[in-house]
Structures are given as structure tokens and as C-alpha cells.
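Hi everyone, thanks for making time for this.

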Amino acid sequence: MSKDTKLIVVVRDPVTRAISDYTQTLSKRPDIPSFESLTFRNRSAGLIDTSWSAIQIGLYAKHLEPWLRHFPLGQMLFVSGERLVSDPAGELRRVQDFLGLKRIITDKHFYFNQTKGFPCLKKAEGSGKPHCLGKTKGRAHPTIAREVLRQLRDFYRPFNRKFYQMTGRDFGWD
């Protein structure tokens, strides 16, 4: 791989990401246990099951460490998944700048699809029709108990803070 390789990493709130991962799995295997039962190794003690992939993927600081042994931070761009939804053109402006590209993607290229809950491209390149994320994106998430969400936020907080420190960017997940 070229030493000048640039890496673009899209991250989102690890709690929301875990629920989204669960929702995706649930759509394929409706017989899986509840989110809550998969989240905890010991529910009464509040011990999070870090072996569950939906939880583990959101430990961004842990995953970033080996990459930083091979690539300097300046060759990485961390894109906010939340901002891709709330301000897709703004976040893609950062991507275009990072890659040294002319800024051609702007607000005028997007519309918000109410059904999906995501912005979509007004017209895909080489096509006269809009382009949205596929069928697997934009599903409604199950309702998760507030206490479970609080415990997950508490669990992820130190990992998030370390990730913010490593990247120099606070994503505001706390």
C-alpha cells in the first residue's frame, strides 16, 4: 500500500450503532434474543457483554490503535455518521477537502427522504432518477429501555473520550 494512502472512517454514536446492528440482524433472524439480553453478560450487575460484536464494533479507540501504528493521523479523516444525515453536503465537503478534490457536491445534490429518514442524492451520476440507501438502511429501531441506554452510555464514555483524544475531534456522543 502506498505510504500516501488516505483513510476515511465513518463513525457514529456507538450506542445507536449497536442498536442498528441488532436491528439489521433481527431483520434476518427474527428469533434472536432481545437486545437487552444480548447486551449484558450479567444484567443485575450491569456487566456489558463486550464479546458481542454489536458492542465491540463501537469501541473505536481500541480499533484505531493498530491503524495508528501504520498510518499517521493526518492521513485519516473521521466522518460523523450523524452529520452525514443532518448535513450531508457539509460532511462531504470535509471529505472532498481531505482528498484534495474540487468541491462539487453541495446541498443542492440532496433531499431528505422521510420514509428512509436519510438524505438521498437527487440524481445519481449517469441516471435521471434519485438514489437512496438500500432496503437494509433506514429501518425503525426497537424501543430500548432508558436504563439500558444509560448503562451503555456509561460503558462507552471512557472509550469515546479516548477516541476523541486520539482523533482530536469530539463527536458529542456523551
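Let me start with a question: which element gives the most to the lining of the largest pocket? It is α1, with 6 residues. Before going on, please keep in mind that this is a predicted model, where local features need pLDDT of at least 70, side-chain atom pairs count only at pLDDT 80 or more, and totals for chains, interfaces and linings use all residues. Residues are numbered from 1 along each chain as its sequence is written, and side-chain values use heavy atoms, with hydrogens and water left out.

Now the overall layout. The protein chain has 7 helices and 6 strands; these are DSSP runs numbered from the N terminus, with helices being H or I of at least four residues and strands E of at least two. Of its 174 residues, 35% are buried, meaning under 20% relative accessible area, with exposed being over 50% and partly exposed in between (1.4 Å probe, protein chains only).

Back to the pocket. On a 1 Å grid over the protein atoms alone, a pocket is an open set of points with protein on both sides within 12 Å along at least five of seven lines, a cavity is a set where a 1.4 Å probe fits but cannot get out, and lining residues have an atom within 4 Å of a point. The largest pocket holds about 850 Å³ of space, a volume being the space filled by probe spheres set on the points, which are joined across faces, edges and corners. Its lining has 28 residues, and those nearest the centre are Leu84, Val85, Phe118, Leu133 and Lys137. Besides α1 (14–28), the elements giving two or more residues to this lining are α5 (81–86), α6 (88–98) and β6 (118–121).

The largest cavity holds about 30 Å³, and its lining is Asp13, Pro14, Val15, Arg153, Tyr156, Asn160, Trp173 and Asp174.
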